[in-house]
Amino acid sequence: MKRHVLITAPIPDTLLERIASVSPDLVVERDTLPRDGRPEGLLSEVEIHYTTDRTLPPEQSPRLRWVQGHWAGVNNLVDTPVWNSDVLLTTTSGIHAPNIGQYVVAQLLAWANRVPRWVRVQQGGQWPAGRRDAFLPDELAGRTLGIIGYGSIGREVARLARAFNMTILVTKRDARRVEDTGYTLPGFGDPAGELPTRIYPAEALRSVVAQCDYVVVTLPLTPRTRHLFDESLFQTMRPNAYVVNVGRGPVIDEQALIKALQRGWIAGAGLDVFEKEPLPEDSPLWGMQNVILTPHVSGMTTQYDERAVDLFVANLRRYLAGETLFNVVDRDAGY
């Protein structure tokens, strides 16, 4: 029996060929998915859909059984018909560890070495008086790093942070299950959960951030995590602490963060994600000297499509063999 696969993600032809080569039983077709949700010439035989965001409405695709997302986040699907169906949902969680881990370390090093100050002074065209004090770097060694959310990205951040001899505190939804059961790339991350100095349950967040010099947020957006970082939490943090968000923007209450930065509750922030994207032109964050902003690029890499298709191919093989897939979305948890 032929198994029809619809690809609406913009991936190269060479990668399409890899997908089709998994089995002679696969019929792989590429199409677009307009805003009305209906591709030209509805493929009513579609069983598997590989997509960047929008999905086929189940009522238009009676044979649809599995949707593989091209991204790690699924919050954009929560209010769609497919979310409330019995269609299997999987993500590309796990493939972002190398590039986002590198991005996070770049942020930590930038703050520790006063890189924003380097740039401002260079643009001013004159060395400041007392340059030793102005440029005196901190060291990551011996500092405490908090990783909020110990998934594949958090685990890679921990692996890299170990090289700097940092104390590593992490929070995890189920702190009793330390192993990584999702999709992982060989040589990256912390599959066995051995790297943290201590693992805390999610409920201990306040206790964790109160101890940290750097706090890295890798959480998905769910009803539980929306505005998790509020005024109260920022007031719990150290005044010398920096927060780096590579999860989802609304996990942080942006107005509370702005207030925390203005009042010195924390020292600075590195933000790749925001409550509204692109960041509005009138946001005070643009003009703050204790903020490093990037336009949601930490997840990007020249190897993204190849890694995503590697995962999809692995899942295809499992699907055809009747095995459990990698990164099945837990609808109750929201990711």
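These legends walk through several close-up views of one predicted model.

In this model, local features need pLDDT of at least 70 and side-chain atom pairs count only at pLDDT 80 or more, while totals for chains, interfaces and linings use all residues. Residues are numbered from 1 along each chain as its sequence is written, and side-chain values use heavy atoms, with hydrogens and water left out.

**View 1. The whole chain, to get your bearings.**
The chain holds nine helices and 12 strands; helices (H or I, at least four residues) and strands (E, at least two) are DSSP runs, numbered from the N terminus. Its radius of gyration is 22 Å, close to the 20 Å that the globule rule gives for 335 residues, so the chain is as compact as a globular protein of that length. The radius is taken over C-alpha atoms, and the rule is 2.2 Å times the number of residues to the power 0.38. Along its principal axes, the C-alpha trace spans about 75 × 45 × 35 Å. Of the 335 residues, 49% count as buried; here buried means under 20% relative accessible area, exposed over 50%, and partly exposed in between (1.4 Å probe, protein chains only). Among contacts between residues at least 6 apart in sequence, 63% join residues at least 24 apart, a contact being heavy atoms within 4.5 Å.

Side chains of opposite charge can pair when their charged atoms come close. D13 and R30 form a salt bridge, with their closest N and O atoms 2.2 Å apart. The term stands for a side-chain nitrogen of Lys or Arg within 4 Å of a carboxyl oxygen of Asp or Glu. D13 sits in helix α1 (residues 13–20) and R30 in strand β2 (residues 26–30), so the pair ties together parts that are 17 residues apart in sequence. D13 is partly exposed at 48% relative accessibility, and R30 is also partly exposed, at 40%.

**View 2. Two further salt bridges.**
A search of the whole structure finds 12 salt bridges. In one of them, the side chains of D53 and R54 meet at 3.9 Å, N to O. D53 is partly exposed at 30% relative accessibility, and R54 is partly exposed at 25%. Another joins R143 to D138, where the closest N and O atoms are 2.9 Å apart. R143 has a relative accessible area of 30% and is partly exposed; D138 is partly exposed too, at 23%.

**View 3. Helix α5 and its surroundings.**
Eight of the 11 residues of helix α5 (residues 152–162) are buried, so this helix is largely enclosed by the rest of the structure. To find them, look for S152, I153, G154, R155, E156, V157, A158 and A161. These buried residues pack against α2 (97–112), β6 (144–148) and β7 (167–172).

**View 4. G334, in the segment after α9.**
G334 lies in the segment that follows α9 (304–321). With 10% relative accessibility, G334 counts as buried. Which residues does G334 contact, leaving aside its neighbours within four places in sequence? They are V74, W83, L221 and T222. As for L261, 73 residues from G334 along the chain, the C-alpha atoms of the two are separated by 30 Å.
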